[in-house]
Amino acid sequence: MPDFEAINPNYQAVVCDSFERQPFMALVGAEMSALKPGYCELVTTKRHDLTQQHGFFHGGLVVSLADSAAGYAAYSLFPENSTVLTVDLKTNFLNPSDGDVLRAAATVIGFSDALYHLKADVYSEKDDKNTLCLTGVFTMMCLKGRSDNQNIMRNG
């Protein structure tokens, strides 16, 4: 993993505050288990309402966890007074997510002034076994001059 330095000295507080304001992540019981410049890890534990008909974590949840981990890994490198939005993602499912815990780990692999490219992997954990369920690449946009604590979309 590349070593990055955060340009916002308060990046941890800013990222954690943004994560805590995400209703969907709260709904699925996701928690941030690791954060450092250019890296974020999110986890959630299995509940019946997070599964699909075969008892695996639902694929939409698996992708969503990877997307949020990627967004916050990128956001950890953003300047103050900015926010993050997903521009693009490409994911591949590799194995069913048949564990008790779902863990998404995302790392920045490169960036320019406004676009950040990331790799994310999601593991399904059961007992001592970690199974790679999903891998993907993500592009995040840094919206400078936009507070993360305001509604970006306008109702019209």
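Tyr 116 touches Ala 74, Leu 77, Phe 78, Gly 110, Phe 111, Phe 138, Thr 139, Met 140 and Cys 142, leaving aside residues up to four places away in sequence; contact here means heavy atoms within 4.5 Å. The model is a predicted one, in which local features need pLDDT of at least 70 and side-chain atom pairs count only at pLDDT 80 or more, while totals for chains, interfaces and linings use all residues. Residues are numbered from 1 along each chain as its sequence is written, and side-chain values use heavy atoms, without hydrogens and water.

Tyr 116 also belongs, with Leu 118 and Met 140, to the members that touch the most others in the largest nonpolar core, a set of 37 residues. Such a core consists of buried Ala, Val, Leu, Ile, Met, Phe, Trp, Tyr and Cys residues joined through side-chain atoms within 4.5 Å. Among the elements that each supply at least two residues are helix 1 (11-20), strand 2 (39-45) and helix 3 (59-75), and helix 3 gives the most, with eleven. Helices (H or I, at least four residues) and strands (E, at least two) are DSSP runs numbered from the N terminus.

Turning to the cysteines, a search of the whole structure finds zero disulfides, a disulfide being a pair of cysteine sulfur atoms within 2.5 Å. The sulfur of Cys 16 lies 8.3 Å from its closest cysteine sulfur, in Cys 40, and is therefore too far for a bond. For Cys 142 the closest cysteine sulfur is likewise in Cys 40, at 16 Å, again too far. Cys 142 is buried, with a relative accessible area of 6%, whereas Cys 16 is partly exposed at 33% (buried is under 20%, exposed over 50%, partly exposed in between, with a 1.4 Å probe and protein chains only).
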